Structures are given as structure tokens and as C-alpha cells.
Number of protein chains: 2
Amino acid sequence: MQTILIIGAGKSSSYLIDFLLESAGPKNRKVIVADMSEKMAAEKVKSNPNATAVAIDIDNSEERISLIQKSDIVVSMLPASLHPIIAKDCLTFGKHFFTASYESEDLRKLANEVKVKNLLFLNECGLDPGIDHMSAMKIITEEKAKGHEIISFKSFCGGVLAPESEDNPWKYKFTWNPRNVVLAGQGVSRYFQAGQIKCIPYHKLFERLDKVSFSQAGEFDGYANRDSLKYRSIYGLDNIPTILRGTLRRSGFCQAWNVLVQLGMTDDSFQMDFPKGVSYRSFLNSFLPFHPSKIVEEKLQEYLPKINQDTLSKIEWLGLFSEKPIPYAIGSPAAILQKILEEKWQLGPKDKDMVVLQHQFEVKGAFGVKEIISSLVCKGENQEYTAMSKTVGLPLAIAVDIFLDGKIKSRGLQIPVHKEFFEPILGALEKKGIVFEENEKLEIH
Amino acid sequence: MQTILIIGAGKSSSYLIDFLLESAGPKNRKVIVADMSEKMAAEKVKSNPNATAVAIDIDNSEERISLIQKSDIVVSMLPASLHPIIAKDCLTFGKHFFTASYESEDLRKLANEVKVKNLLFLNECGLDPGIDHMSAMKIITEEKAKGHEIISFKSFCGGVLAPESEDNPWKYKFTWNPRNVVLAGQGVSRYFQAGQIKCIPYHKLFERLDKVSFSQAGEFDGYANRDSLKYRSIYGLDNIPTILRGTLRRSGFCQAWNVLVQLGMTDDSFQMDFPKGVSYRSFLNSFLPFHPSKIVEEKLQEYLPKINQDTLSKIEWLGLFSEKPIPYAIGSPAAILQKILEEKWQLGPKDKDMVVLQHQFEVKGAFGVKEIISSLVCKGENQEYTAMSKTVGLPLAIAVDIFLDGKIKSRGLQIPVHKEFFEPILGALEKKGIVFEENEKLEIH
């Protein structure tokens with residue numbers, strides 16, 4: 001009997017746990033769901049006879065190790081910073097280790113040992129990273145097999161709201177970690193275009209946008225997502241002249257978000273210490289130049305003259321001009337902003353989220369140059385069964401399933417860019433309704 | 001016989017060493033000058049019979065300790081990051097320790113022990129920090145003694161070129177650590193104005209300028225310098241509504257520097273890896289958006305539409321539009337930019353630098369509100385005897401001198417904000433020609 005240990009039973013684990021519970025009986029497997037909150041784990045496990053819910057304190061190594069020793073494979077849905085702790089235990093006790101997070105430097109340090117012990121440590125098997133890798137590699141592999149050359153690859157992904165839930169001026173609510181959303185894009189983003197490296201500092205990021213359009217979901221803006229350069233080697237496209245990975249937001253979002261960036265309100269490098277009861281308006285004013293008589297609204301318009309009426313209404317809707325006290329007065333600007341946004345951008349019980357992903361290829365062959373657009377639109381069901389949880393959890397669950405079925409021979413530290421992973425996983429995702437729409441057209445120059 | 005150990009014999013130690021050598025004979029003191037380069041130390045010591053030049057390898061603890069054990073007081077002119085190593089040795093062997101650098105967290109951790117051992121660890125006794133503290137505290141102390149209230153305090157300081165050496169369009173050359181100049185202002189700067197906290201993110205810093213004018217030196221632009229808030233408690237001005245510390249550059253400099261900031265060229269967070277022979281023009285182009293036909297000059301104007309002709313001529317003078325290869329192709333944008341600037345902004349043998357410092361006070365009393373402007377302009381003699389070296393080295397040398405004369409009773413971790421320091425040091429600086437010009441005028445409202 002094979003035992004799967006899933007650590008972390010939050011919202012993002014809903015689909016993952018359901019999928020693995022469903023096949024646990026038929027395939028004679030045992031599932032242990034561990035969470036800080038035993039209640040939350042129990043809610044996910046329901047009354048499945050093949051599953052147990054347990055409480056776990058990650059810092060208690062005895063507790064942690066005893067659970068890991070009982071299992072054959074460990075899936076970590078914890079925050080990425082905690083993965084190395086679990087990964088090291090898995091290495092010590094010879095257990096396979098799967099996550100949906102980016103492969104980290106800490107994990108890379110274990111790579112040799114993982115291989116020597118004949119274990120599989122699979123990371124980046126969620127949505128982004130995950131489905132993006134797999135769906136891109138499917139097309140890249142197919143085109144290369146036909147002798148074609150990929151000359152441009154842009155890939156955009158976003159966790160947004162389903163159109164029917166876009167009921168605020170930002171057309172956005174938090175469907176994933178709020179802190180990551182507030183800090184997104186800090187540093188310098190870089191990519192290749194027509195053989196030239198392109199660098200975008202944070203304060204220019206939300207002004208340099210690509211329009212990205214979906215037949216089923218409308219128009220979005222894409223901004224460059226950190227370091228796109230490394231994907232040349234990951235995808236075997238070492239000499240590709242154009243490669244860009246980007247993040248999608250509903251049109252108009254980035255322009256308004258840019259106001260907060262320009263003000264310095266997303267900075268996380270120092271602590272503000274406002275007196276109790278300080279207003280939203282004073283918080284905003286602290287980022288504006290002093291003037292003896294001009295009001296905050298005037299100063300904002302003069303400081304950031306590109307602000308249009310649509311953007312201004314988004315800023316106003318956040319309450320930033322109001323005399324109300326801010327919900328949280330001591331912390332970095334980013335931490336204070338996050339609390340403000342959490343009150344405004346909370347997903348309601350009936351809200352549906354949506355995941356949008358689009359690959360844009362330019363491919364050269366005897367025919368000339370063709371464009372391949374491959375798009376995924378996936379809507380969530382409700383606040384609990386979100387599109388984000390589905391697209392992050394299912395690829396990971398499927399990977400666990402086919403691995404335990406003996407269909408994966410790879411060992412060592414891996415991400416799912418090889419056929420052995422992406423073919424069966426994309427196939428199984430299709431059965432769950434996660435289907436890419438692919439369009440090809442010849443480019444006329 | 002008292003022994004002074006000076007570690008670091010670079011350009012910035014010229015005046016410091018000369019001052020202490022001059023009184024060494026008459027006051028029966030011995031001076032040891034230690035540097036990585038024994039040659040450089042020997043050049044500074046000349047043939048003074050009371051002084052020795054020695055080579056020191058800071059990483060060699062035996063060598064370091066043996067020198068420290070021979071001395072009564074240690075002056076570190078090393079880069080600030082190396083101070084804690086020396087400070088800890090001084091604590092162990094019961095030696096006094098003086099620097100011109102900011103008091104660091106590492107030093108603060110030693111504060112109790114320093115006090116217990118009855119030692120004096122004096123930091124921030126150079127120019128900025130140093131002369132700025134002392135000259136400000138003199139006025140603050142005097143005004144408070146008269147029962148007046150300081151309601152506004154702005155203080156600006158800069159290391160620039162003497163007007164006669166301003167022979168390039170930037171009117172600037174490196175007179176101090178180039179890396180610090182390139183990275184200056186990163187993070188968020190903050191200050192108080194009219195009781196309101198004001199935060200300026202880096203990408204807005206060089207646009208929010210104060211005009212600062214000197215009767216003997218002309219017009220400068222001042223930009224806010226990091227965290228001004230902490231100076232309220234340091235200067236005993238806890239409830240002051242307006243407090244700002246700023247850095248001075250010749251008018252027009254900040255506007256042009258802002259172009260480099262806006263482009264992202266001062267970023268130090270990631271490595272660029274250009275092929276050998278890549279041009280200045282390609283380096284610049286990597287920070288500009290892609291366009292299939294527009295040239296670099298056009299793209300720059302469109303990307304940063306506020307650029308005027310004067311700014312453009314500064315950028316052009318740096319060679320950034322040229323097809324020449326850049327001097328250094330692998331490193332962070334800031335590191336590459338630094339190499340480019342080092343070739344253009346090198347102080348020539350006949351160049352004179354200049355230090356400008358201005359305090360602007362608003363003081364309330366029975367008379368109403370008066371303004372006190374206290375200004376220092378100090379010109380260097382040549383490439384070796386710079387104003388920077390004079391204004392950094394002399395206060396520190398004087399502090400050592402009066403301390404060894406037994407005129408300083410304070411012990412523990414100190415900065416020179418108390419009368420015991422600033423009165424004798426400012427007095428001695430006047431004799432060396434470092435004199436503030438003070439103007440008072442009643443404000444008519």
C-alpha cells in the first residue's frame with residue numbers, strides 16, 4: 001500500500017486533495033493530509049476511509065519526521081520558503097518530494113544526493129510554473145520535430161476574476177497570496193527582443209505593457225515577469241531572438257497600479273510608524289510633495305500628470321482620499337497597502353476567479369513564418385474551488401498519480417519539461433476540462 | 001609616550017596624517033601609519049622621526065592585533081564595513097577607537113562594553129557625518145539657550161568641483177568613492193515637512209529638488225538624503241515639524257542623473273553579461289523599449305519626454321550614443337556605469353574639488369520667526385590635498401589631538417553632538433580655514 005503525505009490543506013489544496021482521495025480506494029493508496037489546523041485538514045479529508053487528517057507543527061522535527069517516515073511520497077503545499085526543511089527530511093528518509101513552487105537554490109544543492117538515492121524531487125508542477133512549462137514544451141517539441149525553428153516565444157499568465165465577478169473598478173480581487181501581488185515585479189525585469197536584451201526597472205514595469213487578447217475572456221495587459229532569459233536554456237531555445245514571460249491583468253489595472261508604484265506605496269524596505277487613527281488621506285499624502293495650500297487631489301494630479309479619470313476613480317474607490325483611519329498604521333508601506341487592499345479585494349462567497357494563460361509563438365519553416373497562439377481560460381466554481389486551486393493542484397495531483405502508477409522513470413531533481421511528464425499530465429488535465437485552444441496562422445510580411 | 005595608530009593611508013587621509021604628524025614631536029607622540037600598501041603609508045609619513053609606516057593585512061589577525069596592542073588610540077580610515085573588525089580588537093585590548101563613518105549597528109552592539117572598559121569609541125567625526133553635526137549643534141544649542149524654538153531645520157552637504165575645475169557638461173568629477181556616488185539615494189528617502197512625514201522613492205528622488213544657493217559658490221540642487229527622521233532625536237529636536245538632510249549637486253546634475261536612474265542603469269541587483277566589444281549604444285539600448293525602426297536617440301526622447309537639450313548633451317558627452325565598446329561588459333548595470341563614469345569623471349592633477357555645506361534654520365522667539373543660514377565652502381588645493389580629505393580628516397585629527405591632550409571626558413560610544421566635542425573642534429577647524437558664514441534675517445510674513 002502506497003502512502004501519500006500532503007502537507008498544507010489551505011484553499012489551494014482543494015482540487016489536489018480531492019483528486020488523490022478519489023483514486024485512493026480503487027488504487028489501494030493511503031492519503032495523509034497534514035495542516036497546522038487539524039480542523040482544516042479534516043474538512044478536506046471528509047469521511048474518506050483511505051485518508052487521515054493530522055495536525056502538524058513544521059518546527060517540531062519529531063512530529064514532522066514521524067509523518068514523513070510513514071509515507072512514500074510527500075507533496076508540500078506550504079509557502080515556498082518552508083520546502084527545504086521538508087525536502088531535507090525526504091532526502092534523509094528516502095521519500096519522493098513534489099511541489100508546485102519554483103525550484104530553489106536550496107533544492108539545487110540537494111540535486112546530486114537526490115539522484116544517488118534514486119528519488120524524484122519534482123518542482124514547478126502547478127500552474128505558473130507548471131502548466132505553462134508543459135503546454136509550451138508540447139508545442140516546442142512538436143515544432144522542432146517538424147524541423148521548424150521557434151524565432152519568438154512570449155508567454156503570459158494571470159490569476160484574475162471571471163468577468164461575471166468583476167464588480168469593482170479594478171476588476172480585480174485577491175485570488176492568491178496578497179503579499180506576492182503587492183510586491184510583484186520588484187527588481188528589474190528582463191527579456192530578449194529581436195536579439196537584444198531588454199531591462200525594465202520596477203518603476204517602468206507597469207508602463208511597458210503588451211496587449212493580450214482571449215476570444216473567450218477579452219482584453220488583458222501583460223507586464224514582463226522578472227528574468228525571462230533563463231527560460232532559453234530551460235526550454236531548449238538557447239538562440240531564440242525573442243523570449244518574454246509576462247503576467248496578465250485586466251486592461252486598466254496596470255495603469256492604476258502604477259500610481260501606487262510611482263508613489264512608493266509598494267515599498268517594503270522600511271517601517272512607517274503612524275499615530276493611531278491616521279487617515280487614508282494622510283497615508284497617501286506622505287508620498288506626495290509638500291505644498292502649503294494645495295489639496296491632496298491637486299498634488300496627486302500634478303505629481304503624476306498621466307493619471308486619467310478611469311485611474312483616478314480606481315484610486316478613489318480604494319478610499320485613499322478619505323478621512324477614515326487606515327486599518328493598520330505600523331509597518332512598511334507595502335504592508336499597510338496590503339491591509340487596505342485585503343479589505344477591498346476580498347473574494348466574496350459567490351465570486352468566481354479565472355486563470356488565463358497564453359503562449360504566442362513565431363515559427364519559421366519552409367512555409368515562411370507562422371504564428372501559433374495557444375490559450376487557456378479556466379474559471380473557478382466558487383470561493384473554495386477556485387480556478388487557481390484547480391490549475392495549481394491538478395497538475396501536481398496527476399503527477400503524483402502517474403508516478404505512483406509507475407509511469408515516470410525520471411529520477412533526481414526535475415521540472416516537468418520532458419515528454420514523460422507533459423504528455424500524460426496534459427492528457428489528464430484535458431479530461432478535467434483544462435484545455436488549450438490553439439490557433440495557427442501564416443504571417444504575411 | 002602616546003601612540004596613535006592610523007589604519008588606511010589613501011587620499012582621504014592626507015590632512016589627517018599631516019595634522020597628527022605636525023604635533024607628534026612637540027607633544028611627544030608616536031604615529032604609526034598602516035596601509036595595505038607600505039609604499040603609500042611611507043609616502044604619507046615622509047621623513048617624520050616620530051612616525052613609522054607599516055604594511056597591514058586586515059585579514060591577518062596576528063599582524064592586526066600586534067599593531068593595535070602597540071597603540072593607545074586607533075583611527076580607522078578603512079571602508080566602513082571593516083570598522084567592526086578593528087573595533088572589536090580595540091575593545092579586547094582596551095584601546096580607544098575613532099572614525100569618520102556612521103555609527104553602525106555592529107558598533108552599537110559593543111556600546112555597553114566600551115563604557116564598562118572606560119574607552120571612547122568616537123564615530124561620525126568627519127565631514128558628513130561630522131562637521132554637519134557639530135556646526136548644527138552649535139547653533140541649536142545657542143538658540144535653545146536663548147529660549148528660542150527651532151521650527152525648521154534643513155541641512156545640505158555635497159562634495160563637488162571647485163567652479164574653476166567644472167570643465168565638463170556635468171560640472172562633476174569623482175571626489176569620493178565612485179560606487180557610493182553611483183548608488184546614492186537607493187531605497188526610500190524620508191523627512192518631515194510641516195509635521196507631515198514625506199517619503200520619496202528612488203525613482204522620484206532626483207525630481208524633487210530644493211534650490212540651495214551660496215554667495216561664494218553659486219546655485220546647487222539638493223535632494224533628500226535617506227532617513228532624516230532619526231536626526232530629530234540625535235539633535236534633540238524631537239518635536240520639530242520640518243527636518244530634512246540633503247545632498248548637493250551643481251544645478252542641472254540631478255536632472256541628467258535622473259535619466260540614468262529612470263533607465264535603470266544604476267541598478268545593482270543583477271548581472272548583465274554582454275558579449276565582448278558591445279557598444280555604449282547597445283548598453284543604453286538595453287534599457288529602452290524595443291522598436292523595429294526607431295533609433296536610440298528617438299526612443300530615449302519618447303521614453304523620457306522630459307529630457308531637455310542640456311540634459312541630452314550630458315548624456316551624449318558620456319558617450320552613451322557611441323558605437324565604441326564599453327570598458328567593462330560583465331557586471332551589474334551600476335558596475336558597468338561606474339566604469340564608464342570613472343573614465344569620464346576622473347579628477348585631473350590640477351583639478352580642485354570643493355565641499356559645500358549649508359544649514360537652514362527657522363527659529364521662533366519673542367521677535368517672531370527668524371531664518372539662520374550657516375554656510376561652509378571649502379576648496380581643495382589639488383588632486384591629493386582635496387577639500388573632501390581636509391574636511392573629513394581634520395575634524396577627526398583634531399578630535400584625536402584634544403582627546404590625547406586630556407580635554408575630552410566623555411567615554412563610551414559617541415558621536416560629536418555634545419559641546420565637549422564641537423566647541424574645541426570647531427574652534428580648531430576655524431584656525432585651519434574651515435569657517436562657516438552665518439546670516440540671520442527676520443522673516444516677514
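This is a predicted model: local features need pLDDT of at least 70, side-chain atom pairs count only at pLDDT 80 or more; totals for chains, interfaces and linings use all residues.
What rotation superposes chain B on chain A? Side-chain values use heavy atoms, with hydrogens and water left out.

**View 1. Chains A and B about their axis.** A 180° rotation, with 0.1 Å of shift along its axis, puts chain B onto chain A at an RMSD of 0.0 Å (least squares on the C-alpha atoms of residues with pLDDT of at least 70 in both). That's how a two-fold axis relates things. In chain B, B:His203 has the C-alpha nearest the axis, 3.4 Å away from it. Since 100% of the interface residues of chain B are also interface residues in chain A, the copies meet through the same surface.

View 2. B:Arg250 counts as buried because its relative accessibility is 10% (buried means under 20%, with a 1.4 Å probe and protein chains only).

**View 3. Around the B:Arg250 side chain.** Here the side chains of B:Arg250 and B:Glu166 make a polar contact of 2.7 Å (a pair of N or O atoms within 3.5 Å; within protein, one must be able to donate a hydrogen and the other to accept it, and residues adjacent in sequence count only if both atoms are side-chain atoms). The B:Arg250 side chain also reaches the backbone oxygen of B:Ala217, at 2.9 Å.

Note on methods
Residues are numbered from 1 along each chain as its sequence is written. Chains are lettered from A and ligands numbered from 1 in the order in which they are written. Buried means under 20% relative accessible area, exposed over 50%, partly exposed in between (1.4 Å probe, protein chains only). Contact means heavy atoms within 4.5 Å.
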